[in-house]
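Here are a few friendly notes to read alongside the model. Please keep the 3D view open as you go.

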Amino acid sequence: MKKTILATLLLIASLKAFCGIVDHDLMYQAYLNNNMSVWKTELQKYTASTNLTTTDKLEISNYLYGYVATLLIDADKNKQEINDWIDLWEQYLNDIEQATGKNAYVYVYRSSINAYKSKVKAGGMMVWGPRSLTELKRALAADPNNPLAHGLKGNMLFYMPSFVGGDKVEAIKWFEKALAGISNTTDKTFRWNRCAITLCLAQAYEKTGNKQKAIEICTTFLQLEPNYTYMRDTYLPSLTR
């Protein structure tokens, strides 16, 4: 009997270890409800751990990708917090790269970090923009089918001025590639990315004059994810007013 109990406890412990530190369901529900304070609390808890695996650091990096972006909405107010998270995030990416070698996700996140730095560090886009682009090129070279790299390429094309290569129509193609790729994964880590990329695609169609297509994208997606509150309560109503 004692051996059976011990074996059961060891199995439970191994399953917990296999599942990793991140509560993906909690993070996803918080994203759907636009509750980023939950992300902050959870990220603080995760990053306080001293036993993070490479997989843990990679998963946490994806949530930092989203969380730090929200802090940039008020970059002046959040500058210290942004810099603190970036410093820790860069350490994680170095650790991941050392453990895995060339890794498209590492390059995607570094590209994003450089874009974020342009908002809070000296030099702005003149300094950090080219660095961001270089890391994106590395990501696409390491894995031409990486959906986060496709989404980031779409974002760059969408937000860059046309005189430096921005192209909102071309951005649509990259968002569509990103969405096709990320919709095929069963990894819970990327569920929030699917929502974000879908929103980006709808916004790109809206900004290129096809508001009806944007409405269709949102309506279809909300049939799958009716609790995506920002799309449901804010963005879609803004298209139909």
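1. In which helix does Ser132 lie? Ser132 lies in helix 7; helices here are DSSP runs of H or I with at least four residues, numbered from the N terminus. Before going on, note that this is a predicted model, where local features need pLDDT of at least 70, side-chain atom pairs count only at pLDDT 80 or more, and totals for chains, interfaces and linings use all residues. Residues are numbered from 1 along each chain as its sequence is written, and side-chain values use heavy atoms, with hydrogens and water left out.

2. Ser132 has a relative accessible area of 3%, so Ser132 is buried (under 20% relative accessible area, with a 1.4 Å probe and protein chains only). Beyond its neighbours within four places in sequence, Ser132 is in contact with Ser111, Asn114, Ala115 and Met156, where contact means heavy atoms within 4.5 Å.

3. Now look at helix 9, residues 168-182. Its buried residues are Ala171, Ile172, Trp174, Phe175, Ala178, Leu179 and Ile182. They pack against helix 7 (124-142), helix 8 (147-159) and helix 10 (191-207).

4. Let's turn to the cysteines. The model has 0 disulfides, counting pairs of cysteine sulfur atoms within 2.5 Å. For Cys195, the nearest cysteine sulfur is that of Cys200, 11 Å away. Cys195 counts as buried because its relative accessibility is 0%. Cys200 is in no disulfide either, and its nearest cysteine sulfur, that of Cys218, is 11 Å away. At 17% relative accessibility, Cys200 also counts as buried.

Notes: Helix = DSSP H or I, 4+ residues; strand = E, 2+ residues; numbered from the N terminus. Expected span 1.5 Å × (residues − 1). Buried < 20%, exposed > 50% of the residue type's maximum accessible area, 1.4 Å probe, protein only.
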